[in-house]
Amino acid sequence: MIIKNVNLETVCGITSRLPENELPEIAFAGKSNVGKSSLINGLLNRKSLARTSAQPGKTQTINFYNVNQAMYLVDLPGYGYAKVTQEIREKWGKLIERYLHGSKQLKAVFLLIDIRHEPSENDKRMYEWIVWNGYDPIIIATKLDKIKRSQIQKQLKLIRTGLNVKPGTQILPFSAETKQGRDEIWALIDTLIAP
Ligand code: GTP
Ligand code: MG
């Protein structure tokens, strides 16, 4: 996809009505700090359109980025963020659930996992939850630049077995630093949103 114009069109908090968009949507889920907002910036060739932070818990709303008036990239709040109350965490969970369950235009959900770590219980739960909602999660292994090249295959396998992914599930490595993996992710998104 050649990025011609992008804008943050809709921001939804825990009490918001979710938009009834006409264009296809692709959503990005994953634990807090895994790199969802950085991935979106990388895909859109923008440095800081989606706000990122070294502090987990940066994105606390569902953010819809309109791309070329042709589709939306959807940034979801991260889970597993310790510094909020259980009550707020549950409300975010409900918001994400409302979105996954209710969107008519959602074409695919990408689940981001840090390539350095084995998937957590929360990651496994999220994977199952996406499947439960009728989607085949596509995995992105983030922060590829943080490991040695010789470790990549081993770490990808750890993610594959840790999440117990369905056969045929794609796991795409990506680095927001080097943009390695960007073209492959766009190629996949292009096929997912094709009419
Ligand atoms: P929340 O909004 O809190 O859910 O986090 P997020 O998943 O949106 O993470 P974000 O994109 O804000 O990135 C978190 C931190 O990880 C930031 O300091 C980023 O610079 C860093 N980061 C993200 N992706 C990469 C990457 O590919 N490589 C490296 N080295 N750092 C990354
Ligand atoms: Mg974020």
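Asn45 sits in the loop that links H1 to strand E3 (62-67). The model is predicted. In it, Asn45 takes a positive phi of about 55°, although it is not a glycine. Most residues other than glycine have a negative phi. Is Asn45 buried or exposed? Asn45 counts as exposed because it has 12 C-beta neighbours inside 10 Å, and the limit for that class is 12 or fewer.

Lys179 also calls for a look. Its phi is positive, about 70°, and it is not a glycine either. Lys179 belongs to the loop between strand E7 (171-173) and helix H5 (182-193). With 13 other C-beta atoms within 10 Å, Lys179 is partly exposed.

## Overall fold

The protein has five helices and seven strands. Along the sequence they follow the pattern β-β-α-β-β-α-β-α-β-α-β-α. The radius of gyration is 16 Å, close to the 16 Å that the globule rule gives for 195 residues, so the protein is as compact as a globular protein of that length.

The C-alpha trace spans about 45 × 40 × 35 Å along its principal axes. Of the 195 residues, 36% are buried. Take the contacts between residues at least 6 apart in sequence: 73% of them join residues at least 24 apart.

How many residues of strand E2 (residues 25-30) are buried? Six of the six are, so E2 is largely enclosed by the rest of the structure. In a regular strand the side chains alternate between the two faces of the sheet. Both faces of E2 are covered. Glu25, Ala27 and Ala29 are buried on one side, and Ile26, Phe28 and Gly30 are buried on the other.

E2 has parallel pairings with two strands, E4 and E5. Four bridges join E2 to strand E4 (residues 71-75). Six bridges join E2 to E5. Glu25 takes part on both sides: it stands opposite Tyr72 in E4 and opposite Leu106 in E5.

## Strand E6

Strand E6 (residues 138-142) is mostly covered, with five of its five residues buried. Ile138, Ile140 and Thr142 point one way. Ile139 and Ala141 point the other way. All of these residues are buried.

E6 runs parallel to E5, and five bridges join the two. One pair across them is Ile113 with Ala141, the latter in E6.

## The nonpolar core

The largest nonpolar core holds 45 residues. Phe28, Val74 and Leu111 have the most contacts inside it. Which strand gives the most to this core? Strand E5 (residues 106-114) does, with six residues.

Leu111 shows what such contacts look like. Leaving out residues up to four places away in sequence, Leu111 touches Ala29, Gly30, Met126, Tyr127, Ile130, Pro137 and Ile139. Of these, Ala29 and Gly30 are buried residues of E2, and Ile139 is a buried residue of E6.

## The ligand shell

The shell around ligand 1 comprises 24 residues. Gly35, Ser38, Thr52, Thr59 and Gly78 come nearest to the ligand. Helix H1 (residues 36-43) gives the most to this shell, with three residues.

How does the shell divide by class? There are 13 polar residues, six charged and five nonpolar.

## Leu49 and the chain end

Leu49 lies in the loop between H1 and E3, the loop that also holds Asn45. Leu49 is partly exposed, with 17 other C-beta atoms within 10 Å. Beyond its neighbours within four places in sequence, Leu49 is in contact with Val6, Leu8, Asn41 and Leu44. The C-alpha atoms of Leu49 and Gly181 are separated by 20 Å, and the two residues are 132 residues apart along the chain.

Pro195 lies in the segment after H5. Pro195 counts as exposed because it has 3 C-beta neighbours inside 10 Å.

Definitions and conventions: Residues are numbered from 1 along each chain as its sequence is written. Chains are lettered from A and ligands numbered from 1 in the order in which they are written. This is a predicted model: local features need pLDDT of at least 70, side-chain atom pairs count only at pLDDT 80 or more; totals for chains, interfaces and linings use all residues. A residue is near a molecule or strand if its C-beta atom, placed from the backbone, lies within 6 Å of it. Ala, Val, Leu, Ile, Met, Phe, Trp, Tyr, Cys and Pro count as nonpolar, Asp, Glu, Lys and Arg as charged, and the others, Gly among them, as polar. A residue is buried if 20 or more other C-beta atoms lie within 10 Å of its own, exposed if 12 or fewer, and partly exposed in between; C-beta atoms are placed from the backbone. A nonpolar core is a set of buried Ala, Val, Leu, Ile, Met, Phe, Trp, Tyr and Cys residues joined through C-beta atoms within 7 Å. Two residues are in contact if their C-beta atoms, placed from the backbone, lie within 7 Å. Two strands pair if DSSP finds at least two bridges between them. The radius of gyration is taken over C-alpha atoms; the globule rule is 2.2 Å times the number of residues to the power 0.38.
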